[in-house]
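Here are my notes on the model you sent over. Please read them with the structure open.

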Amino acid sequence: MKQHDTDIIIAGGGLAGATLALALARTLPQLRVTVVEAFPLSPEALPESYQPSYDARSTALAWGSRLIFEELGLWQRLSEYATPIRHIHVSDRGHFGATRLNAADHQQEALGYVADNRWMGLCLMRELLQTGVVWEAPAEVTGMQPLPDGVRVTLGAKSGEQELTAQCLVVADGGRSGLREKLGFRVDEQAYDQHALIANVSTANCHHYTAYERFTDAGPMALLPHGSPTRAGNTAALVWTLNSDALEELLSLSDEDKCHRLQQRFGWRLGRFTRIGECSHYPLTLKTVDESVRPGVVLVGNAAHTLHPVAGQGFNLALRGLMALVEQFRMAADRQQALGSLPVLKSYQNRHRQDWQQTVRFSDSLIQLFGTDLPLITTARDAGLMGLDLLPGTKRWFARQAMGLGGRRAQIRTPGTESTERSNHE
């Protein structure tokens, strides 16, 4: 095989791209991995210590994602600022149906965790700087040309264009970068006609490590425990879905009035809302790419599927997909197959397809089910939520979905360890 400039090019050095780079460095250290990132990377600028910010954006990590980060050797550090979710309370505003999930019922320390994005990025960068991963930053992938044995990728930077050849290009730069469309992938979009408002809030009562998923006639809202991982506090990460008019009106209000409006929608389970931090928002759209691979190129993370934030499944699904891709690359390397060959990438797509289809259906069905006020549907909803408490088997399935354990999980193998695969149904 012709010698390439590098083996794997990852377009995007965010959480997905950086995690993939670290997993490849841990599992296949013989591969040359190049990450192309639009933002500059300065090792000297990395802070010696992390100072949590009240307004930091965060991500919900399922229990299955913790297992992945443990395999990558990252969890011990990451857990220093990861708030556990030990209870989940699901309710339907204005109706009697509700259900509760508890980690202790599943013999687990937590159902999931909430971690600041900046902290996760810092942990990943510190680990990656100790590997042989090469960073091209600031730069971006501006084009790709298929080759008989790989791809030629064009990079744009302030210093001018350059070309690199590789076995495979992995597109991990999110759902709004434009590279996916530039490469000719067809995207299926379903607009929810809603926006997600993201902010951190303070409450009079302690959250006791409980996450609340509250369905309302105007859309779902979630409050996730946030703050210290060892001392339950009064800060929560809010995800509030609103239509365009309601969002515009809400953003025009004072912080005190925002809290009052939130109180009306959420209720008093956490007492009075006393503070709301900096608000950000984005439109909600379900985006999927049915065919996420082509010879020499594969889409991962939000570039392959962007979900509604209900149930917090997006990043956890992406993480499972990344590990499935690493596992596929590892098997291809063992068999001396070209990593970017269509049979190798098709095998990855087939392995991951059931997981993303199941997760998309799970998230989308919640929106459809709780997005109507037809009497027969609301009655069925209430009965269903109550039924989760009454039917242990159904409740266990629901809990495993929330914990990111609903399907097969790829287990990466680092050099010197036994090659094994585990099923999440063990």
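Predicted model: local features only at pLDDT ≥ 70, side-chain atom pairs only at ≥ 80, totals over all residues.

The points below cover a helix pair, a sheet and some backbone details.

1. Helix packing. Helix 2 (residues 63-71) and helix 8 (residues 314-334) have axes that come within 9 Å. They cross at roughly 40°. Angles under 35 degrees would count as roughly parallel, and 65 to 115 as roughly perpendicular; helix 2 and helix 8 are therefore oblique to each other. Their crossing is left-handed.

2. The contact itself. Helix 2 contributes Ser65, Ile68 and Phe69. On the helix 8 side, they meet Phe315, Asn316, Leu319, Arg320 and Met323. By class, that makes five nonpolar, two polar and one charged residues.

3. Six strands form an open sheet in the order 8-2-1-12-20-19. Pairing is mixed. Strand 8 (134-136) and strand 19 (293-294) are the edges, each pairing on one side only.

4. Strand 12 (residues 168-171) and strand 20 (residues 297-299) run parallel, joined by three bridges. Val170 has Val298 in strand 20 as its bridge partner.

5. A cis peptide. The bond from Ala137 to Pro138 is cis, with omega near -5°. Pro138 sits in the loop between strand 8 and strand 9 (140-147).

6. Positive phi. Gln107 is not a glycine, yet its phi is about 55°. Gln107 belongs to the loop between strand 6 (98-102) and strand 7 (112-116). Is Gln107 buried or exposed? Gln107 is exposed, at 68% relative accessible area.

7. Another such case. Gln336, also not a glycine, has a positive phi of about 60°. Its loop lies between helix 8 and helix 9 (342-370). Gln336 has a relative accessible area of 75%, so it counts as exposed.

Definitions and conventions
Residues numbered from 1 in each chain as written. Heavy atoms only, no water. Axes fitted to C-alpha atoms, helices over the stretch in contact; angles between N-to-C directions. Helix = DSSP H or I, 4+ residues; strand = E, 2+ residues; numbered from the N terminus. Parallel < 35°, antiparallel > 145°, perpendicular 65-115°, else oblique. Left-handed = near helix turned anticlockwise from the far one by under 90°. Contact = heavy atoms within 4.5 Å. Nonpolar A, V, L, I, M, F, W, Y, C, P; charged D, E, K, R; others polar. Pairing = 2+ DSSP bridges. Buried < 20%, exposed > 50% of the residue type's maximum accessible area, 1.4 Å probe, protein only.
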